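Reader: I have the model open and would like to go through its side-chain packing. Can you start with the rings?

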Amino acid sequence: MKGLIDCNNFFVSCERIFNPRLRGVPVLVLTNNDGCIAALSNEAKALGLKRGDPYFKIKQFCERLGVHVLSGNHRLYGDISSRVMATIASLVPDVEVYSVDEAFVTFDDNASPAQTEALARELVRRVRRDIGIPSALGIAPTRTLAKISASFAKSYPAYHSVCAIANDTQRRRALELTPIGKVWGIGRRLRRRLAEYGMNTALDFADRPEADIRQLLNITGVNTWAELNGTSCIEPEDRSAERRQMCCTRTFATNISDFNPLSDIVGYFASTIGRRLRRHGCAAPGVAVFLHTNSRRPDLPQYCNSAYQRLEQPTADTMAIAEAASKALKAVYRKGYAYKRAGLIVSELCPLGHAQPSLFVDAADTERHRRLMETVDRINAATHSRHTVHIASAMPVETLCRCEMQSPSYTMLLSDIIKINTSANGL
């Protein structure tokens with residue numbers, strides 16, 4: 001049996017760990033630059049607020065109703081996520097981290113339904129006890145059904161955070177109650193197309209003959225159909241092998257016109273991309289840098305362009321990526337424009353160990369740089385900071401983003417650690 005453990009309102013739950021005043025009240029967490037709603041509590045949802053709502057449109061509404069609004073603190077959320085996943089892995093050996101707040105687990109097929117449910121409830125209990133994050137867990141024969149089961153576990157309190165689809169009657173009832181647009185792998189455009197053929201629920205879709213589905217959809221859609229009918233055919237993803245592109249982009253709180261700040265920002269992008277490449281065992285043959293002005297300011301001159309710079313050989317070396325990114329930035333930068341957004345993209349990635357070396361690059365020098373990057377990664381991992389050791393040209397872009405309502409990084413920075421009054425007077 002497969003299981004999906006899904007943390008409830010994850011960003012909000014992370015904030016509530018360290019600020020109990022946020023419990024039981026409406027809370028919003030905003031995206032970068034405090035632009036839109038990224039996550040919201042159930043209390044905020046009850047007020048009619050939705051994910052993706054622009055903050056400037058609802059600011060007065062939130063102030064009037066006393067909604068607590070926070071800027072996103074993604075370093076904190078990432079650290080809490082790693083702790084959640086470690087807790088899950090301590091109880092279930094087969095864990096596939098799917099996202100920052102979701103993980104698939106595999107239960108022992110030889111265990112009885114009662115034993116499986118008991119382990120599932122222990123998982124939910126331990127994540128809540130050890131980390132402080134509430135979660136829900138769905139159990140089913142396939143990953144797609146487990147996603148549906150988890151949604152029921154979150155939505156209906158009677159399940160007490162654990163829902164199992166253990167037989168065909170339960171499967172059909174769950175599919176009947178699930179709109180087709182809520183099925184994992186069915187997007188908005190696909191939902192409209194299926195509705196034209198009378199498939200409005202997951203059960204309508206699952207009851208169609210396989211031949212009809214093959215005529216309408218590609219292999220991914222056919223796999224989804226099979227999973228809804230109880231046949232497991234979506235296997236754990238080898239994301240390192242299949243990853244073909246990475247990017248690091250930011251929208252700035254204020255427009256930037258000068259070259260030097262943009263150069264520092266692109267240096268930060270290069271550091272981030274290099275670290276991700278090494279973590280996933282990939283190498284990049286080149287880098288692309290793009291710049292955008294603010295399209296919502298028609299009163300300002302508009303410019304949008306990108307430039308590509310090929311590397312001497314595919315690599316994950318931060319310094320080589322930063323040098324190529326700097327050249328690409330010089331090619332794309334134009335004076336006289338106020339830039340609102342920038343980014344660095346690497347594509348056509350290959351496994352790091354299979355990268356074709358260049359005849360014109362010293363192999364000994366390549367090896368020295370590889371060891372240097374390993375050392376930098378170890379130091380940064382040991383200090384729980386991505387930037388303890390970094391290239392000189394890298395400027396953390398957080399300093400350029402609007403985050404006026406951000407909570408402290410309680411678990412990441414010593415200066416932000418919670419302080420307890422232990423004086424004689426007490427609290």
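Author: Ring pairs link F259, Y303, Y333, Y337 and Y339 into a cluster. Rings of Phe, Tyr and Trp (its six-membered ring) pair if their centres lie within 6.5 Å; planes under 30 degrees apart count as stacked, over 60 as edge-to-face and the rest as tilted. This is a predicted model, where local features need pLDDT of at least 70, side-chain atom pairs count only at pLDDT 80 or more, and totals for chains, interfaces and linings use all residues. Residues are numbered from 1 along each chain as its sequence is written, and side-chain values use heavy atoms, with hydrogens and water left out.

Reader: How many aromatic pairs does the structure hold?

Author: There are 13 aromatic pairs. In one of them, the ring centres of Y98 and F104 are 5.6 Å apart and the planes stand at 70°, so this pair is edge-to-face.

Reader: F104, buried or exposed?

Author: F104 counts as buried, at 2% relative accessibility. Buried means under 20% relative accessible area, exposed over 50%, partly exposed in between (1.4 Å probe, protein chains only). Y98 counts as partly exposed, at 27%.

Reader: What lies over the face of F104?

Author: R143 does, at 5.5 Å from the ring centre. A charge sits over a ring if NZ of Lys or CZ of Arg is within 6 Å of the ring centre and within 35 degrees of the ring normal.

Reader: How many disulfides?

Author: The structure holds 0, a disulfide being a pair of cysteine sulfur atoms within 2.5 Å. For C14, the nearest cysteine sulfur is that of C7, 7.7 Å away. C282 has the sulfur of C350 as its nearest, at 7.9 Å. C282 is buried, with a relative accessible area of 1%.

Reader: Where is confidence lowest?

Author: In helix α12 (residues 239-242), at a mean pLDDT of 43, whereas strand β7 (residues 135-140) is highest at 95. pLDDT is the predictor's confidence in each residue, from 0 to 100. The protein's mean is 87, and 92% of its residues reach 70 or more. Where pLDDT is low, the predicted coordinates should not be read in detail.

Reader: Last one: which residues is S409 in contact with, beyond its neighbours within four places in sequence?

Author: N73 and D416, where contact means heavy atoms within 4.5 Å. S409 and N73 are 336 residues apart in sequence, with their C-alpha atoms 7.3 Å apart. S409 is buried, with a relative accessible area of 6%.

Terms used:
Helix = DSSP H or I, 4+ residues; strand = E, 2+ residues; numbered from the N terminus.
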